[in-house]
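Welcome, and take a moment to turn the model around before you read on. The notes below walk through it topic by topic.

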Amino acid sequence: MIRVVLPPHLRTLARVDGDVELDVNATVTQRSILDELEARYPMLRGTMRDHVTQLRRPLVRFFVCGEDLSHESPDAPLPETIAKGSEPFVIIGAIAGG
Amino acid sequence: MSKVRVLVGTRKGAFILTADGARKRWKVSGPHFAGWEIYHVKGSPVDPNRIYASQTSGWFGQIIQRSDDGGKTWNTPGSNPEELKSVEGNPKGESNKFVYDGVPGTHQWYDGTQHPWEFKRVWHLEPSLHDPEHVYAGVEDAALFESRDGGESWKELSGLRKHDTGPKWQPGAGGMCLHTILLDPQERQRIFVAISAAGSLRTDDGGTTWKPINHGLHSQYIPDPNAEVGHCVHRVAMHASRPNTLFMQKHWDVMRSDDSGDSWREVSGNLPSDFGFPIDVHAHEPDTIYVVPIKSDSEHYPPSSRLRVYRSRAGGNEWEALTKGLPQRNCYVNVLRDAMSVDSLEPCGIYFGTTGGQVYASPDAGDNWKPIVRDLPAVLSVEVQTLP
């Protein structure tokens with residue numbers, strides 16, 4: 001069970017409280033987590049990555065175990081701690097005012 | 001007794017203000033979509049319970065919201081919780097997918113170079129006059145989209161963006177936005193749009209081909225003041241009974257056309273400033289129009305710090321100040337282009353919202369004003385529904 005922490009705006013949009021728990025039936029990567037997240041919550045499509053290019057939106061960042069993986073390959077396997085759910089996959093909006 | 005529902009978009013959410021036909025006691029609900037910028041909220045003229053909202057964020061992009069019960073509940077079209085449980089699989093979740101048709105091409109950038117078209121947000125939603133499932137969206141960077149399935153999916157009417165003059169369009173201070181969509185109630189295939197800063201364009205074939213309609217506009221702030229495109233049109237309004245007559249608030253100048261935009265003449269007359277953003281028409285008097293003069297393009301507040309709506313009962317040129325109930329000193333708010341609307345009661349009600357968070361209403365065509373609400377986030381848009 002993978003845990004995903006959404007930023008408050010996207011929690012409201014997806015109508016969830018707290019962390020989201022997902023099962024990913026593939027190698028656990030940024031892409032496979034986002035694919036499953038968008039399948040469960042279609043209203044999140046286009047809010048974290050572009051509909052067409054699938055590139056991360058500029059002011060969205062992905063953190064794992066305190067490390068910013070936003071600029072890493074979306075297909076790179078994530079640590080076992082993410083796959084096991086002992087650490088969350090954290091999605092945040094960049095701190096840019098507002 | 002009739003009712004009025006005022007749909008307000010602000011920098012930090014949407015609000016719905018309701019009253020009976022007397023328009024004295026108001027109920028305020030919201031914020032809906034708290035924390036998000038709500039550029040526009042508008043109801044279908046065919047089914048007033050069908051309301052569309054444009055919800056945007058610099059972080060998370062564009063969201064389209066839809067209500068089918070007059071604003072009580074909302075869903076992103078095509079991805080509501082009931083549809084999520086469908087045995088047919090997950091819904092597509094494409095209600096916020098605005099993709100330009102083909103190669104996006106380039107437009108003029110601030111420094112005169114060419115810059116690629118990039119979708120940023122929906123500025124204006126215009127529901128069809130005939131079908132609640134059909135709605136148009138005016139977007140930044142300027143283009144026109146339409147949905148025929150209640151906002152679940154969108155298709156660009158790309159003849160507009162691909163017009164020969166497209167490379168000459170350029171962004172105004174607010175971005176290169178298509179902010180005005182007027183559907184002709186008599187000629188079903190005719191649509192007027194306005195773009196900052198390109199000007200106005202018209203289609204007579206439902207959006208396939210477009211023609212710039214800016215003859216007579218004179219803009220001293222562009223290299224060729226009489227250019228075919230490049231004018232910073234802020235707003236265009238029409239009365240449903242006389243769609244060949246258009247009224248325009250340009251960056252500077254209030255203009256009028258009586259030939260569907262083929263030619264324009266200035267009707268600024270005795271206004272204290274002819275800079276401003278909104279312009280609207282009285283519901284029952286097609287020659288009675290309203291503007292809110294603003295001091296200048298660098299000083300976005302009222303002249304002499306007095307908030308005055310100006311009314312012309314002659315379709316322009318002769319204007320009277322409407323001040324009763326509006327602040328007449330130390331007022332430094334702005335009224336944005338989509339933030340004025342009218343109801344269709346008798347007498348006609350006029351409404352506008354300010355960047356200071358006030359929404360003012362006049363139940364008597366502008367003679368007397370009162371704030372419905374005073375301390376909302378900065379108001380981006382105001383639309384009014386008159387309900388049975």
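Here is a short briefing on the two chains and the contact between them.

This is a predicted model, in which local features need pLDDT of at least 70, side-chain atom pairs count only at pLDDT 80 or more, and totals for chains, interfaces and linings use all residues. Residues are numbered from 1 along each chain as its sequence is written, while chains are lettered from A and ligands numbered from 1 in the order in which they are written.

**Chain A as a whole**

- Chain A has three helices and five strands; helices (H or I, at least four residues) and strands (E, at least two) are DSSP runs, numbered from the N terminus.
- Along its principal axes, the C-alpha trace of chain A spans about 35 × 25 × 25 Å.
- Of the 98 residues in chain A, 32% count as buried. A residue is buried if 20 or more other C-beta atoms lie within 10 Å of its own, exposed if 12 or fewer, and partly exposed in between, with C-beta atoms placed from the backbone.

**The sheet of chain A**

- Five strands of chain A form an open sheet with mixed pairing, in the order E2-E1-E5-E3-E4. Two strands pair if DSSP finds at least two bridges between them.
- Which strands sit at the edges? They are E2 and strand E4 (67–68) of chain A, each of which pairs on one side only.
- E1(A) and E5(A) pair in the parallel sense over two bridges, and A:Val5 stands opposite A:Val90 in E5(A).
- As background, strands of a sheet pair through backbone hydrogen bonds, either parallel or antiparallel.

**A helix on the sheet**

- Helix H2 (residues 30–40) of chain A has A:Gln30, A:Ile33, A:Leu34, A:Leu37 and A:Glu38 as buried residues. They cover an arc of only 125° around the axis, which puts them on the same side of H2(A); the arc is that of the directions from the helix axis to the C-beta atoms.
- An α-helix has 3.6 residues a turn, so residues three or four places apart point the same way.
- The buried residues of H2(A) pack against strand E1 (2–5), strand E2 (20–22), strand E3 (60–64) and strand E5 (89–93) of chain A. Two residues are in contact if their C-beta atoms, placed from the backbone, lie within 7 Å.
- H2(A) lies across these strands and runs at about 110° to E2(A). Axes are lines fitted to C-alpha atoms, for helices over the stretch in contact, and angles run from 0 to 180 degrees between N-to-C directions.

**Chain B as a whole**

- Chain B holds one helix and 29 strands. Its radius of gyration is 20 Å, close to the 21 Å that the globule rule gives for 388 residues, so chain B is as compact as a globular protein of that length.
- The C-alpha atoms of chain B fill a box of roughly 65 × 50 × 40 Å along the principal axes.
- Buried residues make up 53% of the 388 residues in chain B.

**Backbone details in chain B**

- A cis peptide bond, with omega about 0°, joins B:Gly30 and B:Pro31; B:Pro31 has its place in strand E3 (residues 27–32) of chain B.
- Another cis peptide bond joins B:Ser196 and B:Ala197, again with omega about 0°. B:Ala197 lies in the loop between strand E14 (191–196) and strand E15 (199–203) of chain B.
- B:Phe33 is not a glycine, yet has a positive phi of about 60°. B:Phe33 lies in the loop between E3 and strand E4 (37–43) of chain B and is buried, with 25 other C-beta atoms within 10 Å.

**A look at B:Ala143**

- B:Ala143 is in strand E11 (residues 143–147) of chain B. Is this residue buried or exposed? B:Ala143 counts as buried, with 26 C-beta neighbours inside 10 Å.
- B:Ala143 and B:Leu160 are 17 residues apart in sequence and 6.7 Å apart in space, C-alpha to C-alpha.

**Where the chains meet**

- The contact takes 17 residues from chain B and 16 residues from chain A.
- On the side of chain B that touches chain A, the residues divide into six nonpolar, nine polar and two charged. Ala, Val, Leu, Ile, Met, Phe, Trp, Tyr, Cys and Pro count as nonpolar, Asp, Glu, Lys and Arg as charged, and the others, Gly among them, as polar.

Terms used:
The radius of gyration is taken over C-alpha atoms; the globule rule is 2.2 Å times the number of residues to the power 0.38.
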